[in-house]
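Me: I'd like to learn how to read a structure like this one. Can you walk me through it?

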Protein chains: 2
Amino acid sequence: MKKQTEPTPRESYHHGDLRAQLIEATRQLVEEKGPDQLSVSEASRLAGVSTAAPYKHFKDKGELLRAVAFEGMQRQYAAMIDAIGPLPERSLARISALGRVYVNFARSEPAVFRLMFGLSKDHADDDALVQKGEDTFDLVKGEVAACRGSDVVEEIDERRAFQLWSFVHGLSFLMIDGKLEQMELPLDLDAMLDDIGRRVMKDP
Amino acid sequence: MKKQTEPTPRESYHHGDLRAQLIEATRQLVEEKGPDQLSVSEASRLAGVSTAAPYKHFKDKGELLRAVAFEGMQRQYAAMIDAIGPLPERSLARISALGRVYVNFARSEPAVFRLMFGLSKDHADDDALVQKGEDTFDLVKGEVAACRGSDVVEEIDERRAFQLWSFVHGLSFLMIDGKLEQMELPLDLDAMLDDIGRRVMKDP
DNA sequence: CTCGTAAAGTTAGTGCCACTAACATATGTT
DNA sequence: AACATATGTTAGTGGCACTAACTTTACGAG
């Protein structure tokens with residue numbers, strides 16, 4: 001349980017936790033109306049402060065959005081750790097579990113997921129963001145190598161991990177863009193993730 | 001050779017081909033500065049008309065952007081047709097060629113590619129856009145079925161086509177987001193596309 | 001040919017937004 | 001207790017999306 005960020009209008013001049021609350025307000029709004037429809041002003045109103053207040057915490061709108069993205073990546077990473085915890089080590093099940101978390105995150109928070117990838121090109125300049133991304137990919141690479149029975153990540157593991165990543169990444173986007181419904185494909189997600197995991201991890 | 005859309009300031013009051021020229025101007029600007037940085041005003045200036053002129057041709061900014069997306073999808077579809085033309089029918093080579101076109105399009109016009117997928121949720125309401133998307137997917141499904149030696153598309157073909165699509169879609173996004181460079185993965189794109197094609201199309 | 005209508009431009013204006021500057025209040029260090 | 005600093009405020013500025021009302025041109029019917 002983390003400290004509740006309360007949407008309550010404050011009674012004191014100072015806010016106490018505006019930064020976190022702005023991120024939360026922005027997260028909600030972005031999820032409601034899409035990243036391009038979000039206005040900093042509206043986030044301010046939701047947090048109960050003046051429209052200029054955010055700029056004491058964030059250089060500009062982009063930095064605020066990147067903070068939301070970062071927080072999303074943290075949650076995604078944590079969810080991955082949680083998911084593989086109870087599963088047997090060095091098993092394919094761990095691989096598909098990681099994929100499932102990835103896709104489910106995208107589906108439950110599509111707008112934040114979009115934010116996490118490439119909306120502003122400044123993403124690449126944000127060290128924290130890049131680092132969290134690498135952490136996640138390292139996790140996958142490690143599991144892929146483990147699945148092969150190795151403790152060190154070789155080039156083949158990197159290639160496989162990247163293929164898996166590409167796949168779930170694309171799958172996530174197609175799903176949140178509604179392409180699945182459009183194409184009228186009935187899809188068993190779990191089966192598909194297992195199938196792909198097997199195919200990519202197979203030796204020849 | 002199509003008629004050159006000339007950026008020339010016109011001498012007549014009427015423009016003649018403003019709609020097409022606005023799309024082209026927007027395409028350029030979007031590619032230069034990113035979809036979120038684009039302003040209709042700037043596109044107007046580039047096309048040499050007043051800032052209100054676009055609204056005679058497009059209901060709003062979103063419709064203009066969707067027109068750019070549509071035009072991108074047309075070019076992508078055409079490139080696919082061109083690519084498989086000379087290749088032997090019913091061959092895996094055609095499958096990887098389709099993937100190569102997909103990824104190369106994303107790399108050569110990343111912003112338009114982004115526009116083609118999910119920036120505004122109104123995409124799903126745009127019939128022309130949806131239709132073009134289905135055409136492209138039908139093309140892939142047809143090739144997948146042909147590769148299996150069948151003239152009719154079965155469920156397995158749909159599943160395989162969707163897996164391939166997910167893969168190249170994700171790969172495209174990861175590449176244009178610079179994740180490849182970040183991860184310092186040296187990558188032979190052609191080899192990877194062939195590899196994936198083989199793995200997904202394999203029987204068991 | 002010409003006359004009327006509609007298509008396709010224009011200018012002028014509205015309201016929202018991102019961001020800044022100058023000022024106000026709390027916090028916490030010495 | 002006093003000052004520096006962090007964190008708020010109000011009051012702008014300029015840009016943008018979009019609209020309304022007007023103007024010019026193209027075009028079809030008689």
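Me: What should the 16 residues of helix H1 of chain B span, at 1.5 Å a residue?

Reply: First, the ground rules. This is a predicted model, where local features need pLDDT of at least 70, side-chain atom pairs count only at pLDDT 80 or more, and totals for chains, interfaces and linings use all residues. Residues are numbered from 1 along each chain as its sequence is written, while chains are lettered from A and ligands numbered from 1 in the order in which they are written. Helices are DSSP runs (H or I, at least four residues), numbered from the N terminus. The expected span is 1.5 Å times one less than the number of residues. H1(B), residues 18-33, should therefore span 22 Å, and its end C-alpha atoms are 22 Å apart, which agrees. Gly34(B) follows H1(B), with a positive phi near 90°.

Me: Which residues of H1(B) are buried?

Reply: Buried means that 20 or more other C-beta atoms, placed from the backbone, lie within 10 Å of the residue's own. In H1(B), Leu18(B), Leu22(B) and Val30(B) are among them.

Me: What do the buried residues of H1(B) pack against?

Reply: They pack against helices H2 (40-47), H3 (61-84) and H5 (110-116) of chain B. Contact means C-beta atoms, placed from the backbone, within 7 Å.

Me: How many residues does each chain give to the contact between A and B?

Reply: Chain A gives 33 residues and chain B gives 31 residues. On the side of chain A that touches chain B, H7(A) gives the most, with 13 residues.

Technical notes: Two residues are in contact if their C-beta atoms, placed from the backbone, lie within 7 Å. Helices (H or I, at least four residues) and strands (E, at least two) are DSSP runs, numbered from the N terminus. A residue is buried if 20 or more other C-beta atoms lie within 10 Å of its own, exposed if 12 or fewer, and partly exposed in between; C-beta atoms are placed from the backbone.
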